[in-house]
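Have the model open while you read.

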Amino acid sequence: MMDFEGYRKEYFSTWQRRIERFCWVLFFIIGIAKIGSFAVHAYFKTLDDAEMRYFITFRFIAPTIIQLAFLFTAHVFLKKPSLSIHAKNNIVVIMFLGNMAAISIFNCTFTGSMIAPSLAMIFSAIVMQPRLLRGVFISCLGILAVSALVLITTTPITSIYNTVVSIFILFMINIGNFVLSTEIYKGSISQIEYIRSGYEKQCALAEELQREPLTNLYNRRSLAGAIERLMHLSNENGDNAILVFLDLDNFKQINDSYGHSAGDAVLITLAEVIISNLETNRSAFRYGGDEFVILMHNKNLAEAISIVEKIRREFFDTEFDFMQEQSHCSLSIGIALYQKGWSSADWVKAADSAVYKAKQNGKNRYEITD
């Protein structure tokens, strides 16, 4: 069955890897492009020495250092298992935003680069972080303002009008990206909720299939898996494992004398008594007919006997109004401590043999397998 939390964790982890990988690829592509541009300028001598130093320092070295700082810092934190998925989502988006900010500010003469930071809003929406999305939006406007200031100070006065128009268009694109990212966030939430709903229905159906409808205890199919898991724990860790087999005494007589509805009432009552005396209902099973099984993990024999005796006495003290003469029902109980090397069939057979012995010795009692 699908594990919803596992799916959710894998969904975010996958996007974290994708965003980090995208940043590294973009870093190398832009780096190669800048090296190529530098080579062209150097070969054709299109820049004087001062312009070349400016180009190397502010177009290559400075943004490269900033980008590497964000990339390596994020990579280190993303490897930390102690950090939550929420924290890692924040880190990877901030890493992307920092890289795009370096591209925008240091390459603002290429006006198109100034839109790069706004892509972080889309990633914020994909990882479903609404507060982060709002924070990234505000940061994008700040980065745009810094980039615009740098651009305006380096633009000839004759081109200021076109530059201002371009900046206004970029501002509107940021607004549009925020609106788009908000819609992506809503769509992502709807998708996750749809998956969650399907998962919960799947869990409910699986739980229903594992339970016996009359008593609401786990059924024989569930018992088989539970026995195997308990045997594994006992074999691997040396944990105590006890199987208790409970069999109603004279149940056929109750059905024959008072009808099957009366028999059902007895079974339901016994199930309630069993559950009320156990730490968890996941350890109680209806084996079939009038037979029930309890599995006990890390209980010693004395503790098991104490629980079993409490169940036996409480059930025997229960009065059933529909019975005319004898208004009490009793149990014959077999207790089997797991022995290494037994199969599940061996274990059940040992407990069943103890039940048979209890019936031979007068019923309404427990016996422990030899």
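At roughly what angle do the axes of helix H5 and H6 cross? The answer is roughly 170 degrees, with the axes of H5 (residues 130-153) and H6 coming within 11 Å. Bear in mind that this is a predicted model. Angles over 145 degrees count as roughly antiparallel, so H5 is roughly antiparallel to H6.

Who does the touching? On the H5 side you'll find Pro130, Leu133, Arg134, Phe137, Cys140, Leu141, Leu144, Ala148, Leu151 and Ile152. Their partners in H6 include Ile160, Ile167, Phe171, Asn174, Phe178 and Tyr185. Sorted by class, the H5 and H6 contact has 16 nonpolar residues, four polar and one charged.

H6 (residues 160-210) also packs against helix H1 (residues 4-44). The angle there is about 155 degrees, and the axes are 10 Å apart, which makes H1 roughly antiparallel to H6 as well. The crossing of H1 and H6 is right-handed. From H1, the contact uses Phe4, Tyr7 and Tyr11, which meet Ser188, Ile192, Ile195, Arg196 and Tyr199 in H6. That gives six nonpolar, one polar and one charged residues.

Next up is the pairing of helix H2 (residues 49-78) with helix H3 (residues 85-106), packed at about 175 degrees with axes 9 Å apart. H2 and H3 are therefore roughly antiparallel to each other. On H2, the contact residues include Phe58, Arg59, Ile66, Phe70 and Phe77, while H3 brings in Lys88, Ile91, Met95, Gly98 and Phe106, among others. The classes here are 16 nonpolar, three polar and two charged.

| Contact | Nonpolar | Polar | Charged |
|---|---|---|---|
| H2 with H3 | 16 residues | three residues | two residues |

The largest pocket has a volume of about 470 Å³. It's lined by 20 residues, and the closest to its centre are Thr280, Arg282, Ser283, Leu295 and His297. Which elements give two or more residues to that lining? Helix H7 (220-237) and strand E3 (291-297) do. H7 supplies the largest share of the lining, six residues. By class, the lining of the largest pocket divides into nine nonpolar, seven polar and four charged residues.

Methods:
Residues are numbered from 1 along each chain as its sequence is written. This is a predicted model: local features need pLDDT of at least 70, side-chain atom pairs count only at pLDDT 80 or more; totals for chains, interfaces and linings use all residues. Side-chain values use heavy atoms; hydrogens and water are left out. Axes are lines fitted to C-alpha atoms, for helices over the stretch in contact, and angles run from 0 to 180 degrees between N-to-C directions. Helices (H or I, at least four residues) and strands (E, at least two) are DSSP runs, numbered from the N terminus. Angles under 35 degrees count as roughly parallel, over 145 as roughly antiparallel, 65 to 115 as roughly perpendicular and the rest as oblique. Contact means heavy atoms within 4.5 Å. Ala, Val, Leu, Ile, Met, Phe, Trp, Tyr, Cys and Pro count as nonpolar, Asp, Glu, Lys and Arg as charged, and the others, Gly among them, as polar. A crossing is left-handed if the near helix is turned anticlockwise from the far one by less than a right angle, and right-handed if clockwise. On a 1 Å grid over the protein atoms alone, a cavity is a set of points where a 1.4 Å probe fits but cannot get out, and a pocket is an open set with protein on both sides within 12 Å along at least five of seven lines; lining residues have an atom within 4 Å of a point. Grid points are joined across faces, edges and corners, and a volume is the space filled by probe spheres set on the points.
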